[in-house]
Each structure stands twice: as C-alpha cells, then as structure tokens.
Protein chains: 2
Amino acid sequence: MVVCSPMNGRNFRQLLEAKWEQGKFLCVGLDSDFEKIPESAHIDGTRESLVYFNRAIVDATKDLVCAFKLNSAFYEAHGDEGWQALRETIQYIHEVAPELPVILDAKRADIGNTNNGYAAAAFDHLHADAITVNPYPGREALSPFLERKDKGVVVWCRTSNEGAGEFQDLQVGGEPLYSIVARHVAEKWNENGNCALVVGATYLEELAEVRKTVGDMPILIPGIGAQNGDLEKTVKAGKDDRGRGIIIAASRAVIFASSGADFAQAAREKATALHGAIKAALVQ
Amino acid sequence: MVVCSPMNGRNFRQLLEAKWEQGKFLCVGLDSDFEKIPESAHIDGTRESLVYFNRAIVDATKDLVCAFKLNSAFYEAHGDEGWQALRETIQYIHEVAPELPVILDAKRADIGNTNNGYAAAAFDHLHADAITVNPYPGREALSPFLERKDKGVVVWCRTSNEGAGEFQDLQVGGEPLYSIVARHVAEKWNENGNCALVVGATYLEELAEVRKTVGDMPILIPGIGAQNGDLEKTVKAGKDDRGRGIIIAASRAVIFASSGADFAQAAREKATALHGAIKAALVQ
C-alpha cells in the first residue's frame, strides 16, 4: 500500500540526536489507561477524554523530553474510538512539537507481507516516527519495518517484567538469548542505521552488557518510575561512549502523578525532576 | 476495564472440538488485503468494501471450516476504518455462524498490565474467541491472556517464514528454542486448558516434534496454500492421537482464488478442495 505521507523528510535517529544534543533523554509514555485518567479530564466520550488528557500532558512536558511514546494497547482497548484517539494524539504532537520523534510502542511482529500492514498502520496511517517490534520471527520477517530507512525500528531485547528470563535468559553456547538478539540487531539488522533496542531498567547488568555490544545504538529504557528501577544506575549502565544513546521512558509515574485537576502541572513537576536527575547522573 | 460481553458462555476449545467432531479442520484466514480485493467487492469506502468482501467469503465457506481467523495487520493498515471493518466482520461471523470460533491473529505481547488492554481489545471489544500471542516476554507477562479461561491463547511457536530459525533454532542444551517454547506452554502455561500453538506447515519435522511434546493441544498451522506447504504431510505430522488437534489455516489461497466477480464461488471451491484433502489425509 503506497500512502503519500505528510511526514516525509523526518528521520527518527536525526530527531533523537538533536534532542540528545539539547541534553534531553526523557521519554514520556502516554500509556493513557482510561480508567486512571483524572476526573477533570473526562469530557464527552472516551476518545475526546483520551485526547484531551494527552494534549494536556504533551503541552506540560514537551520541552523536557527527547520523545513521546504511545503504547497501542491502551488505545486498542477502546477499539476504533481508541485508534482515533491514538492518531489524533500523534497528529497533535506533530503540530505542537514537530521536532520531537513519536514512538509507537506496539511490539508488533508477523511474517513477510503481513508486516507491510503493520508498517502502513504505524508510519503511514498513524504517522509515528518509530515502532517497537518483537524479534521472535527474525530479521527476514521484519524487513518491511527495517526497510523504512527514516523510521526507527526499536527491537524488544530484554523486557522489564519479573518473568522476562523464561526465554530471554536461556543460554545458547554460553550467551543468553537477549544478548544474541542485541548482537544480531547491531551486526546484521542495522544496515540502514535505523535500529534501536528496548532493555528494561529493572535488569542493570543486562543493560550494561547490551550497551557494550551495540555501540551507540539508541536504547529505549522503561522500568524507572512505577517499576522502581534505579535511575542513576540505569543512566550509567545505559549511556554510550558519548554520554548519549539513552531514551529513558517513564509513563505512569509522570502522567498519573496526580489524580486531581492539577494532573498536568504534577506531570510537569515529575518530568522536570526526572529530566534533572538524568542530567545529573550523566555528568557524574 | 470491565466490559459486559455478549459473548459469555462461549468457550474456544469447546467450539473447536465440536467442529473437529464434524470432521472440519480448515480455518479460512480473512487476510483481506484491500489492494487485492476484487474490483467487484469495491463498494463505497474501504471499510464497507472490506466488510462486503469478508461477508461474501464467510457465507461461501462457513460450512466447511472449524474456525475463521482474521489477521489484524490487514485491518490496522486502514486505521480506525480498518478496526471498524474488523469488528463488524467478527460480529457478522457470530451472527451467521455462532458455532464457529473466531481467532484474532494479532501476535500480541507486552508486559503486565499493558496486556489487559490487548485482552480487552481482542475479547471484549472485538469479541474474538482466541488471540495469537508472541512468547518472548514469558508466561508471567502473558497472564492477562492466560487467565481468560474461555478464550484461546494461541502461542507463536515455530513461524512459517524462511528466516524463522534465526532465533527459534538456537540450541539451548541440545534443544531448539521453539521446542522449549512448546514444552513450556504444554507443561507450565496451560493450567486453564486454553492454550494452543502456531507451527508453520513449512517446517514438517518441527511440526511432528512439537506434536509429540504437546499431546492433544490444538496446533494452528499456516503455510499450506500460498506458502506451498505439503498438505498431506502436514496433516500427518500435525494430527494428535485422536486424529484431531489441527487447525489448517489457508488465507490468500482461498480468499483470493479468483480476482473476478466469481471470487466467493472460487473461494468455496478452493475451500472445498482443501477440506476434502484434509479429510482424505486424516483417514490414510
């Protein structure tokens, strides 16, 4: 499917590097669980409320971040209304902060031509600048994403959940699976320089190991904030030789910092604190 | 999110077993790529055309199949319109063939509470009876799916693509990763008896091995038809001790059997041939 995208000319990695240059490494995750949205953001229907809430969070934090991330699950839960809210939120971010890359956190993966549909959805329909993908079917299957040179392909490498090790820690000739995924992405998948990885802040040793493997590839790091990863140690383990390379994702801890009418101000305060803490950790 | 579902009382495994009892093992995949839909099915907009095409295929094949499968990628490619078409198609199948289980082929996976959103989307919003999931984050992460006792959780085990082996063939203590996934699902994930696996027909030895590991667990088998897997050998490798256990998925080969105005009739003919060939292979 060929769609004429108004987003031509944008390049995920370049947008990200420009924000890193400005000393910004925080990524606010708009995991806008409708059940948790403050009462004061409930206007009209589900779609309107989600967009109203997201716009307020975007306005309150856009000068503090290197990217916004939207997890599709929280939108799909509301079907086509949710998809509209997802699309409208991304459109709003492009309007008010065109210099910020938008990551669709969708963990997609299928085989061959099917991924054309997911790539079209993420890049041509929703106009995201990057998408998270699941490595299980391998590089050949994921080529419809990898071929989109200007779009970021953020590969799930080490997940932040408690049970992450069930498969990811399996030892293959003395090397754990997650490390093999990182190595393959760095050595074989990244011909277009558009790859990145997801590694949870809840596994610091693994994060440090992955960084050694992948050079200056961007690493999206969830798990600080609500999941209690240690921010200072995370920054140290995750940064590249240039003192960059990290996208520190915080979602619930920022967007639901207050359940009151001051939710946007509270989100800004939390984001400001995180931004400051990341900068402090980077210069240590 | 609690949604009052009109689909209460349906159980994926029971619906499937009832169809197997009737000698039906074919699953028609409504991978309705808009670009490939015959001219004669183009009515009004994208959504209307997708639903019109799907309804015609469902009507033409519903007495020949054990399930319908819809791959979400082909719908998401059209954003909220696509989601509406996906939902309306599933609703139509429930209306005209309430005894048939509907599988949402979405290969979803995230961690923890995020999967609540995907489960809500698949089961409460779209009203699918089963969903395909990606095993990478492990059982603990996927529990929001596994806990839905009446819903099928169809775990991607061995993918049908050429590059499937990049990670899935990695040897862990002498056993390939896909085999470990199959074993974990059979031994540790299936407390509610609602698990199934996806194993491609393009890898017959692997299919036979997985069958030995998982007893009578349903295996969804794509890769015959357009991907050229051998149907007779696939049935023999995939069937369980009861001569059941298989969901033979054919998508493009059936739904795009003709690009003319006779597309529904051509789909019926192709489905009839596949249904007959599966039955013949099962009694050999």
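Author: Start with contact: two residues are in contact if their C-beta atoms, placed from the backbone, lie within 7 Å. Helices (H or I, at least four residues) and strands (E, at least two) are DSSP runs, numbered from the N terminus. The buried residues of α10(B) pack against α9, β9, β10 (246-250) and α12 (263-283) of chain B. This is a predicted model, in which local features need pLDDT of at least 70 and side-chain atom pairs count only at pLDDT 80 or more, while totals for chains, interfaces and linings use all residues. Residues are numbered from 1 along each chain as its sequence is written, chains are lettered from A and ligands numbered from 1 in the order in which they are written.

Reader: Which residues of α10(B) are buried?

Author: Leu231(B), Thr234(B), Val235(B), Ala237(B) and Gly238(B). A residue is buried if 20 or more other C-beta atoms lie within 10 Å of its own, exposed if 12 or fewer, and partly exposed in between.

Reader: Why does Lys107(A) count as buried?

Author: Lys107(A) has 27 C-beta neighbours inside 10 Å, so it counts as buried. Lys107(A) sits in strand β3 (residues 102-108) of chain A. Its phi is near 45 degrees, a positive value in a residue other than glycine.

Reader: And Asp44(B), buried or exposed?

Author: Exposed, because Asp44(B) has 9 C-beta neighbours inside 10 Å. Asp44(B) is in the loop between β1 (26-29) and α2 (46-61) of chain B. Phi of Asp44(B) is also positive, near 45 degrees.

Reader: What makes α9(B) roughly parallel to α10(B)?

Author: The angle. Helix α9 (residues 204-214) and helix α10 (residues 231-238) of chain B pack at about 25 degrees, with their axes 8 Å apart. That makes α9(B) roughly parallel to α10(B). The cut-offs: under 35 degrees is roughly parallel, over 145 roughly antiparallel, 65 to 115 roughly perpendicular and the rest oblique. Axes are lines fitted to C-alpha atoms, for helices over the stretch in contact, and angles run from 0 to 180 degrees between N-to-C directions.

Reader: Which residues meet there?

Author: From α9(B), Leu204(B), Leu207(B), Ala208(B) and Arg211(B). From α10(B), Lys233(B), Thr234(B), Ala237(B) and Gly238(B). By class, the contact has four nonpolar, two polar and two charged residues. Ala, Val, Leu, Ile, Met, Phe, Trp, Tyr, Cys and Pro count as nonpolar, Asp, Glu, Lys and Arg as charged, and the others, Gly among them, as polar.

Reader: How do you know that β4 and β5 of chain B pair?

Author: Count the bridges. Two strands pair if DSSP finds at least two bridges between them. Four bridges join β4 (residues 130-133) to β5 (residues 152-158) of chain B, and these strands run parallel. Thr132(B) stands opposite Val154(B) in β5(B). A closed barrel of eight strands with parallel pairing runs β1-β2-β3-β4-β5-β8-β9-β10 (chain B).

Reader: What makes the relation of chain B to chain A a two-fold axis?

Author: A rotation of 180 degrees with 0.0 Å of shift along its axis superposes chain B on chain A (RMSD 0.0 Å). That is the relation of a two-fold axis. Copies are superposed by least squares on the C-alpha atoms of residues with pLDDT of at least 70 in both.

Reader: How do you know that the copies meet through the same surface?

Author: 100% of the interface residues of chain B are also interface residues in chain A, so the copies meet through the same surface. In all, 48 residues of chain B are in contact with 48 residues of chain A. On the side of chain B that touches chain A, α5(B) gives the largest share, seven residues.
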